[in-house]
Amino acid sequence: MRGPRPTVAEPAGSVGSVGSVGSVGSVDRPFTAHEAVLAVEAELGRVLDERMCRARETDPVFARDVADRVSAFVRRGGKRLRTAFAWCGWRAAGGSGDATAVLRTGAALELLQACALIHDDVMDGSPLRRGAPAVHVDLARMHRAARMTGPPEGFATSAAVLTGDLALAWADDLLTETALGSPHGPGLHREWQAMRGEMVAGQYRDIHAQATGTSGLAEAVSIATLKSALYTVERPLALGAALTGADASALDALRSAGRCAGLAFQLRDDLLGAFGDPAVTGKPADDDLRTRKLTYLLAVGVRLADASGDEESADALAPGTPLPSDEAVARMREALERTGARAVVESKIAQLGATSLRHFDRTEAKPFVRREFATLVERAAGVALERAGEAA
(Lines give C-alpha, C1' and ligand atoms only; values in the text may rest on other atoms or scores of the structure.)
Protein backbone atom coordinates (compact mmCIF):
# COMPACT_ATOMS: atom_id res chain seq x y z
CA MET A 1 0.00 0.00 0.00
CA ARG A 2 3.00 2.33 0.12
CA GLY A 3 3.57 4.92 -2.56
CA PRO A 4 5.37 8.22 -3.15
CA ARG A 5 5.44 10.60 -0.24
CA PRO A 6 2.70 13.15 -0.92
CA THR A 7 2.95 16.82 -0.33
CA VAL A 8 1.34 17.27 3.06
CA ALA A 9 -1.57 19.69 3.03
CA GLU A 10 -4.80 19.96 4.95
CA PRO A 11 -7.52 18.38 2.81
CA ALA A 12 -10.79 20.04 1.98
CA GLY A 13 -12.57 16.76 1.32
CA SER A 14 -15.09 14.99 3.53
CA VAL A 15 -16.24 11.47 4.20
CA GLY A 16 -18.11 11.49 0.94
CA SER A 17 -15.12 12.45 -1.19
CA VAL A 18 -13.10 9.73 -2.84
CA GLY A 19 -9.36 10.02 -2.77
CA SER A 20 -6.46 7.79 -3.71
CA VAL A 21 -5.35 5.40 -1.01
CA GLY A 22 -2.24 4.33 -2.84
CA SER A 23 -0.03 6.17 -0.37
CA VAL A 24 -1.58 4.86 2.84
CA GLY A 25 1.28 4.47 5.29
CA SER A 26 2.97 7.64 4.04
CA VAL A 27 2.91 10.98 5.80
CA ASP A 28 -0.59 11.98 6.90
CA ARG A 29 -2.35 9.34 4.84
CA PRO A 30 -5.23 8.54 4.70
CA PHE A 31 -6.40 12.17 4.51
CA THR A 32 -10.08 11.49 5.11
CA ALA A 33 -12.26 9.02 6.93
CA HIS A 34 -13.52 7.80 3.58
CA GLU A 35 -9.96 7.05 2.45
CA ALA A 36 -9.43 5.20 5.72
CA VAL A 37 -12.49 3.06 5.03
CA LEU A 38 -11.21 2.23 1.54
CA ALA A 39 -7.81 1.34 2.95
CA VAL A 40 -9.38 -0.87 5.62
CA GLU A 41 -11.40 -2.65 2.93
CA ALA A 42 -8.10 -3.53 1.25
CA GLU A 43 -6.57 -4.61 4.58
CA LEU A 44 -9.63 -6.74 5.34
CA GLY A 45 -9.24 -8.45 1.97
CA ARG A 46 -5.66 -9.41 2.80
CA VAL A 47 -6.55 -10.56 6.31
CA LEU A 48 -9.50 -12.65 5.13
CA ASP A 49 -7.47 -14.26 2.34
CA GLU A 50 -4.81 -15.23 4.87
CA ARG A 51 -7.35 -16.57 7.38
CA MET A 52 -9.12 -18.57 4.67
CA CYS A 53 -5.84 -20.23 3.69
CA ARG A 54 -5.28 -21.25 7.31
CA ALA A 55 -8.85 -22.53 7.59
CA ARG A 56 -8.43 -24.74 4.51
CA GLU A 57 -5.26 -26.16 6.02
CA THR A 58 -7.17 -26.89 9.24
CA ASP A 59 -10.16 -28.62 7.64
CA PRO A 60 -11.79 -28.20 4.20
CA VAL A 61 -15.37 -28.75 5.38
CA PHE A 62 -14.98 -26.21 8.19
CA ALA A 63 -13.40 -23.79 5.74
CA ARG A 64 -16.23 -24.17 3.22
CA ASP A 65 -19.16 -24.06 5.63
CA VAL A 66 -17.98 -21.76 8.42
CA ALA A 67 -14.88 -19.74 7.54
CA ASP A 68 -16.13 -18.91 4.07
CA ARG A 69 -19.36 -17.54 5.56
CA VAL A 70 -17.40 -15.23 7.85
CA SER A 71 -15.38 -14.01 4.89
CA ALA A 72 -18.43 -13.50 2.68
CA PHE A 73 -20.34 -11.70 5.45
CA VAL A 74 -17.50 -9.27 6.16
CA ARG A 75 -16.85 -8.60 2.47
CA ARG A 76 -20.55 -7.90 1.91
CA GLY A 77 -20.03 -4.49 3.41
CA GLY A 78 -21.78 -2.50 6.08
CA LYS A 79 -21.49 1.11 7.16
CA ARG A 80 -17.86 0.71 8.35
CA LEU A 81 -18.61 3.44 10.90
CA ARG A 82 -16.36 1.96 13.56
CA THR A 83 -13.41 2.04 11.18
CA ALA A 84 -14.06 5.68 10.33
CA PHE A 85 -14.45 6.69 13.98
CA ALA A 86 -11.22 4.90 14.92
CA TRP A 87 -9.43 6.97 12.27
CA CYS A 88 -11.04 10.16 13.65
CA GLY A 89 -9.83 9.30 17.14
CA TRP A 90 -6.34 8.65 15.83
CA ARG A 91 -6.17 11.94 13.96
CA ALA A 92 -7.82 13.96 16.74
CA ALA A 93 -5.17 12.70 19.18
CA GLY A 94 -2.36 13.72 16.83
CA GLY A 95 -1.96 10.56 14.79
CA SER A 96 -0.05 11.00 11.52
CA GLY A 97 2.41 9.19 9.31
CA ASP A 98 2.21 5.41 9.06
CA ALA A 99 -1.47 4.47 9.45
CA THR A 100 -0.97 0.70 9.38
CA ALA A 101 -1.85 0.15 13.05
CA VAL A 102 -5.09 2.15 12.94
CA LEU A 103 -6.10 0.45 9.68
CA ARG A 104 -5.57 -3.00 11.17
CA THR A 105 -7.49 -1.91 14.26
CA GLY A 106 -10.31 -0.87 11.94
CA ALA A 107 -10.21 -4.27 10.26
CA ALA A 108 -10.42 -5.97 13.67
CA LEU A 109 -13.47 -3.85 14.52
CA GLU A 110 -15.19 -4.98 11.33
CA LEU A 111 -14.55 -8.64 12.21
CA LEU A 112 -15.90 -8.04 15.71
CA GLN A 113 -18.96 -6.41 14.20
CA ALA A 114 -19.50 -9.53 12.08
CA CYS A 115 -19.52 -11.64 15.25
CA ALA A 116 -21.99 -9.30 16.94
CA LEU A 117 -24.39 -9.23 14.01
CA ILE A 118 -24.31 -12.97 13.36
CA HIS A 119 -25.03 -13.73 17.01
CA ASP A 120 -27.61 -10.94 17.27
CA ASP A 121 -29.55 -12.35 14.32
CA VAL A 122 -29.61 -15.78 15.95
CA MET A 123 -30.91 -14.39 19.23
CA ASP A 124 -33.52 -12.19 17.55
CA GLY A 125 -34.49 -14.74 14.89
CA SER A 126 -33.93 -12.10 12.21
CA PRO A 127 -34.19 -13.45 8.65
CA LEU A 128 -32.23 -10.70 6.86
CA ARG A 129 -28.94 -8.90 7.28
CA ARG A 130 -27.24 -6.54 4.85
CA GLY A 131 -29.86 -7.28 2.24
CA ALA A 132 -29.25 -11.04 2.24
CA PRO A 133 -30.38 -14.04 4.30
CA ALA A 134 -28.95 -13.97 7.83
CA VAL A 135 -26.19 -16.51 8.42
CA HIS A 136 -28.40 -18.90 10.41
CA VAL A 137 -31.04 -18.77 7.67
CA ASP A 138 -28.44 -19.51 5.01
CA LEU A 139 -27.11 -22.45 7.03
CA ALA A 140 -30.61 -23.88 7.42
CA ARG A 141 -31.01 -23.71 3.65
CA MET A 142 -27.69 -25.51 3.23
CA HIS A 143 -28.89 -28.23 5.61
CA ARG A 144 -32.06 -28.76 3.58
CA ALA A 145 -30.31 -28.65 0.21
CA ALA A 146 -27.77 -31.26 1.34
CA ARG A 147 -30.57 -33.45 2.80
CA MET A 148 -28.76 -33.61 6.12
CA THR A 149 -30.41 -35.36 9.06
CA GLY A 150 -31.99 -33.70 12.08
CA PRO A 151 -33.84 -30.38 12.40
CA PRO A 152 -32.36 -27.73 10.04
CA GLU A 153 -33.00 -24.91 12.54
CA GLY A 154 -31.11 -26.60 15.37
CA PHE A 155 -28.12 -27.28 13.14
CA ALA A 156 -28.23 -23.74 11.74
CA THR A 157 -28.32 -22.13 15.18
CA SER A 158 -25.32 -24.12 16.40
CA ALA A 159 -23.34 -23.52 13.21
CA ALA A 160 -24.15 -19.79 13.21
CA VAL A 161 -22.91 -19.46 16.79
CA LEU A 162 -19.64 -21.10 15.71
CA THR A 163 -19.46 -18.79 12.69
CA GLY A 164 -19.75 -15.77 14.96
CA ASP A 165 -17.17 -17.26 17.31
CA LEU A 166 -14.72 -17.61 14.45
CA ALA A 167 -15.21 -13.96 13.46
CA LEU A 168 -14.47 -13.02 17.08
CA ALA A 169 -11.34 -15.20 17.13
CA TRP A 170 -10.07 -13.57 13.95
CA ALA A 171 -10.80 -10.12 15.38
CA ASP A 172 -8.94 -10.88 18.62
CA ASP A 173 -5.98 -12.34 16.75
CA LEU A 174 -5.68 -9.27 14.53
CA LEU A 175 -6.02 -6.78 17.38
CA THR A 176 -3.48 -8.69 19.48
CA GLU A 177 -0.99 -8.77 16.60
CA THR A 178 -1.47 -5.01 16.16
CA ALA A 179 -1.04 -4.30 19.87
CA LEU A 180 2.14 -6.39 20.05
CA GLY A 181 3.61 -4.35 17.20
CA SER A 182 2.73 -0.96 18.69
CA PRO A 183 4.62 1.03 21.35
CA HIS A 184 1.18 1.87 22.76
CA GLY A 185 -0.10 -1.71 22.60
CA PRO A 186 -1.11 -2.08 26.28
CA GLY A 187 -3.44 0.92 26.09
CA LEU A 188 -4.93 -0.33 22.84
CA HIS A 189 -5.55 -3.77 24.31
CA ARG A 190 -7.17 -2.34 27.47
CA GLU A 191 -9.70 -0.44 25.36
CA TRP A 192 -10.42 -3.59 23.34
CA GLN A 193 -10.90 -5.71 26.46
CA ALA A 194 -13.32 -3.21 27.95
CA MET A 195 -15.30 -2.98 24.71
CA ARG A 196 -15.80 -6.74 24.45
CA GLY A 197 -17.10 -6.94 28.01
CA GLU A 198 -19.49 -4.03 27.40
CA MET A 199 -20.83 -5.70 24.26
CA VAL A 200 -21.73 -8.88 26.12
CA ALA A 201 -23.24 -6.93 29.02
CA GLY A 202 -25.36 -4.88 26.64
CA GLN A 203 -26.57 -7.92 24.75
CA TYR A 204 -27.54 -9.65 27.98
CA ARG A 205 -29.37 -6.60 29.29
CA ASP A 206 -31.25 -6.54 25.99
CA ILE A 207 -32.55 -10.11 26.23
CA HIS A 208 -33.13 -9.72 29.98
CA ALA A 209 -35.36 -6.71 29.38
CA GLN A 210 -37.35 -8.62 26.77
CA ALA A 211 -37.79 -11.56 29.13
CA THR A 212 -38.99 -9.36 32.00
CA GLY A 213 -41.17 -7.12 29.83
CA THR A 214 -39.77 -3.97 31.38
CA SER A 215 -40.46 -0.52 29.92
CA GLY A 216 -38.14 1.60 32.07
CA LEU A 217 -36.52 4.60 30.39
CA ALA A 218 -33.34 4.35 32.48
CA GLU A 219 -32.94 0.69 31.53
CA ALA A 220 -33.49 1.51 27.86
CA VAL A 221 -30.69 4.10 28.05
CA SER A 222 -28.37 1.64 29.82
CA ILE A 223 -28.95 -0.98 27.12
CA ALA A 224 -28.44 1.54 24.31
CA THR A 225 -25.23 2.77 25.93
CA LEU A 226 -23.71 -0.66 26.59
CA LYS A 227 -24.88 -2.39 23.44
CA SER A 228 -24.32 0.36 20.91
CA ALA A 229 -23.04 3.78 22.01
CA LEU A 230 -19.82 2.52 23.57
CA TYR A 231 -19.15 -0.12 20.95
CA THR A 232 -20.09 1.91 17.86
CA VAL A 233 -18.41 5.24 18.56
CA GLU A 234 -16.87 5.76 22.00
CA ARG A 235 -14.52 2.77 22.03
CA PRO A 236 -13.49 3.05 18.35
CA LEU A 237 -12.54 6.70 18.96
CA ALA A 238 -10.58 5.66 22.06
CA LEU A 239 -8.91 2.76 20.22
CA GLY A 240 -7.65 5.14 17.56
CA ALA A 241 -6.45 7.64 20.16
CA ALA A 242 -4.76 4.89 22.20
CA LEU A 243 -2.45 4.22 19.25
CA THR A 244 -0.98 7.72 19.74
CA GLY A 245 -0.54 7.39 23.51
CA ALA A 246 -3.19 10.09 23.98
CA ASP A 247 -3.39 11.76 27.39
CA ALA A 248 -6.34 11.54 29.78
CA SER A 249 -7.77 14.90 28.71
CA ALA A 250 -7.96 13.96 25.03
CA LEU A 251 -9.40 10.54 25.82
CA ASP A 252 -12.05 12.08 28.09
CA ALA A 253 -13.17 14.48 25.34
CA LEU A 254 -13.29 11.70 22.77
CA ARG A 255 -15.21 9.37 25.06
CA SER A 256 -17.78 12.05 25.82
CA ALA A 257 -18.14 12.87 22.14
CA GLY A 258 -18.39 9.21 21.28
CA ARG A 259 -21.00 8.37 23.87
CA CYS A 260 -23.32 11.14 22.67
CA ALA A 261 -22.81 10.25 19.00
CA GLY A 262 -23.25 6.55 19.75
CA LEU A 263 -26.53 7.15 21.55
CA ALA A 264 -27.73 9.27 18.64
CA PHE A 265 -26.83 6.40 16.30
CA GLN A 266 -28.75 3.88 18.41
CA LEU A 267 -31.81 6.12 18.67
CA ARG A 268 -31.82 6.47 14.88
CA ASP A 269 -31.55 2.69 14.64
CA ASP A 270 -34.55 2.43 16.99
CA LEU A 271 -36.58 4.60 14.62
CA LEU A 272 -35.47 2.59 11.60
CA GLY A 273 -36.37 -0.58 13.47
CA ALA A 274 -39.93 0.68 13.81
CA PHE A 275 -40.46 2.81 10.73
CA GLY A 276 -37.61 2.01 8.31
CA ASP A 277 -37.75 0.63 4.79
CA PRO A 278 -36.17 -2.85 4.57
CA ALA A 279 -35.07 -2.08 1.00
CA VAL A 280 -32.89 0.69 2.44
CA THR A 281 -31.85 -0.79 5.79
CA GLY A 282 -31.26 -4.35 4.55
CA LYS A 283 -33.13 -5.81 7.54
CA PRO A 284 -36.78 -6.21 8.58
CA ALA A 285 -38.59 -3.06 9.71
CA ASP A 286 -40.73 -4.62 12.43
CA ASP A 287 -38.49 -7.05 14.34
CA ASP A 288 -38.11 -4.68 17.30
CA LEU A 289 -41.87 -4.21 17.55
CA ARG A 290 -42.75 -7.88 17.10
CA THR A 291 -40.39 -8.90 19.88
CA ARG A 292 -41.17 -5.78 21.92
CA LYS A 293 -37.49 -5.04 22.27
CA LEU A 294 -36.86 -2.40 24.93
CA THR A 295 -35.70 0.60 22.94
CA TYR A 296 -35.55 4.23 23.97
CA LEU A 297 -38.39 4.83 21.50
CA LEU A 298 -40.63 2.26 23.17
CA ALA A 299 -39.79 3.47 26.68
CA VAL A 300 -40.61 7.07 25.73
CA GLY A 301 -43.87 5.94 24.14
CA VAL A 302 -44.92 4.05 27.27
CA ARG A 303 -44.03 6.97 29.53
CA LEU A 304 -45.92 9.50 27.38
CA ALA A 305 -48.97 7.23 27.11
CA ASP A 306 -49.08 6.80 30.89
CA ALA A 307 -48.54 10.51 31.56
CA SER A 308 -51.35 11.57 29.21
CA GLY A 309 -53.76 8.84 30.24
CA ASP A 310 -53.81 7.47 26.70
CA GLU A 311 -55.02 3.98 27.54
CA GLU A 312 -55.25 2.91 23.89
CA SER A 313 -51.57 3.67 23.29
CA ALA A 314 -50.54 2.18 26.65
CA ASP A 315 -52.36 -1.03 25.77
CA ALA A 316 -50.77 -1.18 22.30
CA LEU A 317 -47.26 -0.77 23.75
CA ALA A 318 -47.69 -3.06 26.78
CA PRO A 319 -46.02 -6.50 26.90
CA GLY A 320 -47.98 -9.13 24.99
CA THR A 321 -47.41 -12.14 22.81
CA PRO A 322 -43.79 -12.62 21.60
CA LEU A 323 -44.77 -12.36 17.92
CA PRO A 324 -47.80 -10.08 17.65
CA SER A 325 -49.93 -9.92 14.53
CA ASP A 326 -49.44 -7.42 11.73
CA GLU A 327 -52.42 -5.54 13.12
CA ALA A 328 -50.82 -5.33 16.58
CA VAL A 329 -47.56 -4.07 15.06
CA ALA A 330 -49.50 -1.41 13.15
CA ARG A 331 -51.17 -0.35 16.42
CA MET A 332 -47.75 -0.02 18.06
CA ARG A 333 -46.53 2.23 15.25
CA GLU A 334 -49.65 4.37 15.52
CA ALA A 335 -49.18 4.65 19.28
CA LEU A 336 -45.57 5.76 18.90
CA GLU A 337 -46.73 8.48 16.52
CA ARG A 338 -49.82 9.51 18.51
CA THR A 339 -48.02 9.85 21.84
CA GLY A 340 -45.33 12.00 20.23
CA ALA A 341 -42.60 9.46 21.03
CA ARG A 342 -41.26 9.50 17.48
CA ALA A 343 -40.93 13.30 17.54
CA VAL A 344 -39.29 13.23 20.98
CA VAL A 345 -36.68 10.75 19.78
CA GLU A 346 -35.97 12.83 16.67
CA SER A 347 -35.37 15.86 18.87
CA LYS A 348 -33.13 13.86 21.22
CA ILE A 349 -31.03 12.65 18.30
CA ALA A 350 -30.36 16.21 17.16
CA GLN A 351 -29.51 17.27 20.72
CA LEU A 352 -27.08 14.38 21.21
CA GLY A 353 -25.42 15.02 17.86
CA ALA A 354 -24.82 18.69 18.64
CA THR A 355 -23.45 17.85 22.10
CA SER A 356 -21.13 15.29 20.53
CA LEU A 357 -19.58 17.92 18.27
CA ARG A 358 -18.99 20.26 21.21
CA HIS A 359 -17.16 17.53 23.12
CA PHE A 360 -15.07 16.66 20.07
CA ASP A 361 -13.99 20.30 19.73
CA ARG A 362 -12.33 19.98 23.15
CA THR A 363 -9.73 17.70 21.59
CA GLU A 364 -8.34 20.66 19.64
CA ALA A 365 -8.31 18.47 16.55
CA LYS A 366 -7.49 20.19 13.28
CA PRO A 367 -10.45 21.74 11.44
CA PHE A 368 -10.52 19.10 8.71
CA VAL A 369 -10.69 16.31 11.33
CA ARG A 370 -13.58 18.10 13.02
CA ARG A 371 -15.37 18.30 9.68
CA GLU A 372 -14.81 14.61 9.08
CA PHE A 373 -16.15 13.75 12.52
CA ALA A 374 -19.20 15.98 12.08
CA THR A 375 -19.99 14.35 8.74
CA LEU A 376 -19.72 10.92 10.32
CA VAL A 377 -22.01 11.87 13.18
CA GLU A 378 -24.56 13.24 10.71
CA ARG A 379 -24.38 10.00 8.76
CA ALA A 380 -24.69 7.82 11.86
CA ALA A 381 -27.50 9.86 13.39
CA GLY A 382 -29.32 10.61 10.15
CA VAL A 383 -29.62 14.31 10.98
CA ALA A 384 -28.10 17.59 9.79
CA LEU A 385 -26.17 19.40 12.52
CA GLU A 386 -25.03 22.98 13.00
CA ARG A 387 -21.26 23.11 12.96
CA ALA A 388 -19.72 25.80 15.10
CA GLY A 389 -17.12 27.97 13.43
CA GLU A 390 -17.79 26.83 9.88
CA ALA A 391 -18.19 29.26 7.06
CA ALA A 392 -21.57 29.30 5.41
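Good morning. Leaving aside neighbours within four places in sequence, Asp288 is in contact (heavy atoms within 4.5 Å) with Gly273, Lys293 and Thr295. This is a predicted model, in which local features need pLDDT of at least 70 and side-chain atom pairs count only at pLDDT 80 or more, while totals for chains, interfaces and linings use all residues. Residues are numbered from 1 along each chain as its sequence is written, and side-chain values use heavy atoms, with hydrogens and water left out.

Asp288 belongs to helix α11, residues 287-290; helices are DSSP runs of H or I with at least four residues, numbered from the N terminus. Asp288 counts as buried because its relative accessible area is 18%, where buried means under 20%, exposed over 50% and partly exposed in between, with a 1.4 Å probe and protein chains only.

Asp288 also lines the largest cavity, together with residues including Lys293, Thr295, Met332 and Leu336. A cavity is a set of points, on a 1 Å grid over the protein atoms alone, where a 1.4 Å probe fits but cannot get out; lining residues have an atom within 4 Å of a point. Helices α9 (248-275), α11, α12 (296-308) and α14 (326-338) each supply at least two residues of the lining.

I turn now to the core. The largest nonpolar core has 113 residues, and Leu111, Trp192, Phe360 and Phe373 have the most contacts inside it. Such a core is a set of buried Ala, Val, Leu, Ile, Met, Phe, Trp, Tyr and Cys residues joined through side-chain atoms within 4.5 Å. Helix α4, residues 100-124, contributes the largest share, 13 residues. Not counting residues up to four places away in sequence, Phe360 touches Cys88, Ala92, Leu237 and Phe373, among others.

Next, Ala93 lies in the loop between α3 (81-92) and α4. Ala93 is partly exposed, since its relative accessible area is 22%. Ala93 and Lys366 are 273 residues apart in sequence, yet 9.8 Å apart in space, C-alpha to C-alpha.

Finally, how many disulfides are there? The count comes to 0 disulfides, a disulfide being a pair of cysteine sulfur atoms within 2.5 Å. Among the cysteines, Cys53 is partly exposed at 42% relative accessibility, whereas Cys260 is buried at 13%. Thank you.

Methods:
1 Å grid on protein atoms, 1.4 Å probe; cavity = no way out; pocket = protein on both sides within 12 Å on 5 of 7 lines; lining within 4 Å.
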